[in-house]
Amino acid sequence: MPKGGAMARTMKPISEWTVWDPVTGRSNVPIRPRMMTIHTAVTNSPDIYGPGLGPGRTHSHFYNPKSGKMRQHQEINRKAFADGDGNNYCVSVEHWDGYPNGAPGYWKHGSDVPPLTDSQIENDARLFAHLVKHFNLPNRIATPNNLTGLGWHRLGIKGNWRPYNPADLKTWTGNQSGVKFSNAFGKACPGDRRIDQIREIYARAQEYLTPTKPAPKPKPTPKEEKDFLMALTDNEQRELLRLARTGKDDDVKIKTAIQRLEAEVAEIKAELTDIDANTVGGKVWRTNAAMGRAEKARLEAEAAEPEEGTND
Ligand SMILES: [Zn+2]
């Protein structure tokens with residue numbers, strides 16, 4: 001890492017799926033990221049920080065809007081201020097949640113917060129994969145006794161949560177970790193339904209981390225000679241046969257194959273004729289053709305007769 005952070009300072013958005021929107025006066029204190037923290041922002045705004053928008057030193061590294069690109073407000077390896085005691089190792093991500101701006105209070109219960117949108121899940125998965133790849137975050141879901149990998153705010157919030165249940169991430173809280181990510185007791189962040197989506201984010205991130213093997217190329221199946229012959233026009237088939245028949249004797253194999261195929265084609269044609277003869281369509285066509293011939297003959301006979309005068 002360059003000393004003085006000159007290079008880090010000029011860090012551009014991490015990719016085409018983020019927008020670089022730095023908070024004015026953000027910290028230059030280096031951190032060693034080890035956990036990505038999911039938050040809910042209690043806002044309906046598409047953009048909560050950035051130049052002129054950063055509320056003092058309370059911002060997160062990223063803001064994940066309802067839809068569209070993730071906004072990046074601080075360098076990943078510099079301190080942000082959304083995780084209390086975790087600020088020196090957390091990469092924080094705030095999330096739009098549709099909370100009516102200006103409404104009194106905030107989400108009272110974890111269950112009040114709506115689930116993350118598909119766009120938010122996708123952004124989070126990409127970011128987590130990026131952090132694993134480029135910042136050596138452990139590729140795991142954080143646990144109360146090991147705050148590394150993909151985490152969420154409640155892991156560091158004490159409250160009257162339901163009793164710890166290893167199978168239910170919603171019950172993994174500051175009560176067990178003993179860490180203080182917030183001074184607020186029982187803070188809803190990031191919401192029950194969002195914690196229930198942590199595994200989905202993690203699973204999706206794995207797809208970014210393990211590029212799926214390119215679909216194996218189907219083995220070239222030996223092309224049926226019959227198919228080959230059928231794919232040719234009548235003229236091409238005749239030409240091929242002519243060449244084969246007039247060819248030298250060292251081409252006897254080809255000649256024999258062609259003759260065998262010729263016989264097969266004849267058989268198929270006979271079958272097709274047979275099938276056609278027995279279809280309703282075939283019968284109708286033949287009936288019409290016969291009627292057409294009769295009609296034509298009648299008209300010709302009429303035309304041959306001397307014309308009668310007309311008065312129209
Ligand atoms: Zn939070």
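**Close-up views of a predicted model**

**View 1. Helix α2 and its buried residues.** In α2, the buried residues are Gln120, Ile121, Asn123, Asp124, Ala125, Arg126, Leu127, Phe128, Ala129, His130, Leu131 and Val132. Here, buried means that 20 or more other C-beta atoms lie within 10 Å of the residue's own; exposed means 12 or fewer, and partly exposed is in between, with C-beta atoms placed from the backbone. This is a predicted model: local features need pLDDT of at least 70, side-chain atom pairs count only at pLDDT 80 or more, and totals for chains, interfaces and linings use all residues. Residue numbers start from 1 along each chain as its sequence is written. Helices (H or I, at least four residues) and strands (E, at least two) are DSSP runs, numbered from the N terminus. Helix α2 covers residues 118–135, 18 residues in total. From first C-alpha to last, α2 reaches 25 Å, close to the 26 Å expected. The expected span is 1.5 Å times one less than the number of residues. Which elements cover the buried residues of α2? They include β2 (35–38), β3 (62–64), β4 (70–72), β5 (90–95), β6 (149–152) and α5 (198–209).

**View 2. The largest nonpolar core.** A nonpolar core is a set of buried Ala, Val, Leu, Ile, Met, Phe, Trp, Tyr and Cys residues, joined through C-beta atoms within 7 Å. The largest one has 37 residues; Met36, Leu127, Phe128, Leu131 and Ile201 touch the most other members. At least two residues of this core come from each of β2, β3, β5, α2, β6 and α5. Helix α2 gives the largest share, 7 residues. Now look at Phe128. Leaving aside its neighbours within four places in sequence, Phe128 is in contact with Met36, Leu150, Ile201 and Ala205. Contact means that two C-beta atoms, placed from the backbone, lie within 7 Å.

**View 3. The open sheet.** How many strands form the sheet, and in what order? There are 6, in the order β1-β4-β3-β5-β2-β6, and the pairing is mixed. Strands pair if DSSP finds at least two bridges between them. The edge strands are β1 (18–20) and β6, and each pairs on one side only. Neighbouring strands are turned by 25° against each other on average, direction ignored. For such angles, axes are lines fitted to C-alpha atoms, for helices over the stretch in contact; angles run from 0 to 180 degrees between N-to-C directions. Strands of a sheet pair through backbone hydrogen bonds, either parallel or antiparallel.

**View 4. Strand β5 and its partners.** Strand β5 is largely enclosed by the rest of the structure, because 6 of its 6 residues are buried. Cys90, Ser92 and Glu94 point one way, while Val91, Val93 and His95 point the other way. Strand β5 pairs with β3 in the parallel sense, over 3 bridges. Tyr63 has Glu94 as its bridge partner, and Asn64 stands opposite His95. Strand β2 also runs parallel to β5, joined by 4 bridges. There, Met36 stands opposite Val91, and Thr37 opposite Ser92.

**View 5. Cys90 in β5.** Is Cys90 buried or exposed? Cys90 is buried, because 29 other C-beta atoms lie within 10 Å. Cys90 has its place in strand β5. Its contacts, neighbours within four places in sequence left aside, are Met35, Thr37 and Asp83. The C-alpha atoms of Cys90 and Ala80 are separated by 8.2 Å; these residues are 10 apart along the chain.

View 6. Strands β2 and β6 run parallel and are joined by 4 bridges. Ile38 stands opposite Trp152 in β6.

**View 7. Backbone exceptions in the loops.** Most residues other than glycine have a negative phi, and most peptide bonds are trans. Val42 has a positive phi, near 55°. Val42 is found in the loop between β2 and β3. Val42 counts as buried because it has 22 C-beta neighbours inside 10 Å. Asn136 follows α2 and is found in the loop between α2 and β6. Asn136 also has a positive phi, of about 55°, although it is not a glycine. Asn136 is exposed, because 11 other C-beta atoms lie within 10 Å. Which peptide bond is cis? The bond from Cys189 to Pro190 is cis, with omega near 0°. Pro190 lies in the loop between α3 (174–177) and α4 (192–195).
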